[in-house]
Amino acid sequence: MEEAVRLAVDAADGRRVRKLRLRIGVLSGVVPDAMRFAFDVVCRDTPVAGATLEIESVPAVAWCEACQLEFATADFFSECPRCRNVNGGLRRGREMEIASVELE
């Protein structure tokens, strides 16, 4: 969270931040409630203080190289629902990125 706030402050270039929007993958290992708590603590005495934190959850999606199917998954390694090939081709779900910084 410290790095996200630092990047938002840099992007703000001296202006106040109104909203910080993050994209967090469900398999990233990040706990959104912990991020919200840390946000309140880390933002104190910065241009981000008082801003809103919005967290978008990114579902996990895998790719089967064998049959070229993209499919939802709940784990890093999944069985393709079409051809039953087991693969580790995770395409989305591990993100932890800043989607946008809204300024005043």
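User: Is Cys64 buried or exposed?
Analyst: This is a predicted model: local features need pLDDT of at least 70, side-chain atom pairs count only at pLDDT 80 or more, and totals for chains, interfaces and linings use all residues. Residues are numbered from 1 along each chain as its sequence is written, and side-chain values use heavy atoms, without hydrogens and water. Buried means under 20% relative accessible area, exposed over 50%, and partly exposed in between (1.4 Å probe, protein chains only). Cys64 has 0% relative accessibility, so the residue counts as buried.

User: How many disulfides does a search of the whole structure find?
Analyst: A disulfide is a pair of cysteine sulfur atoms within 2.5 Å. Cysteines can be joined by this covalent bond through their sulfur atoms. The search of the whole structure gives a count of zero.

User: Which cysteine sulfur is nearest to that of Cys64?
Analyst: Cys64 is in no disulfide. The nearest cysteine sulfur is 3.5 Å away and belongs to Cys83.

User: How far from Cys67 is the nearest cysteine sulfur?
Analyst: Cys67 is in no disulfide either. The sulfur of Cys80 is its nearest cysteine sulfur, at 3.5 Å.

User: How many residues apart are Arg6 and Glu3 in helix α1?
Analyst: Their side chains meet in a salt bridge (a Lys or Arg side-chain nitrogen within 4 Å of an Asp or Glu carboxyl oxygen), at 2.6 Å from N to O. Helices (H or I, at least four residues) and strands (E, at least two) are DSSP runs, numbered from the N terminus. Arg6 is partly exposed at 40%, and Glu3 is partly exposed at 44%. About one helical turn separates the pair because, in α1 (residues 2-12), their spacing is three residues.

User: What relative accessibility does Asp33 have?
Analyst: Asp33 forms a salt bridge with Arg36, with the closest N and O atoms 3.4 Å apart. Both lie in helix α2 (residues 32-42), about one helical turn apart. Arg36 counts as partly exposed at 35%. Asp33 counts as exposed, its relative accessibility being 58%.

User: How many residues apart are Arg92 and Glu70?
Analyst: Arg92 and Glu70 form a salt bridge, at 3.3 Å from N to O. The pair links distant parts of the chain: Arg92 is in strand β7 (residues 90-92) and Glu70 in strand β4, a separation of 22 residues.

User: Which residue lies over the face of Trp63?
Analyst: A charge sits over a ring if NZ of Lys or CZ of Arg is within 6 Å of the ring centre and within 35 degrees of the ring normal. At 3.9 Å from the ring centre of Trp63 lies Arg91.

User: Where does Phe77 lie?
Analyst: Phe77 is exposed, with a relative accessible area of 61%. The residue's place is the loop between β4 (69-72) and β5 (78-79).

User: What is phi of Asp45 near?
Analyst: For most residues other than glycine, phi is negative. Asp45 lies in the loop between α2 and β2 (52-58) and is exposed at 82% relative accessibility. Its phi is positive, near 60°.

User: What is the phi of Gln68?
Analyst: Gln68 is in the loop between β3 (61-64) and β4. The residue is partly exposed at 45% relative accessibility. Gln68 is not a glycine, yet its phi is positive, about 65°.
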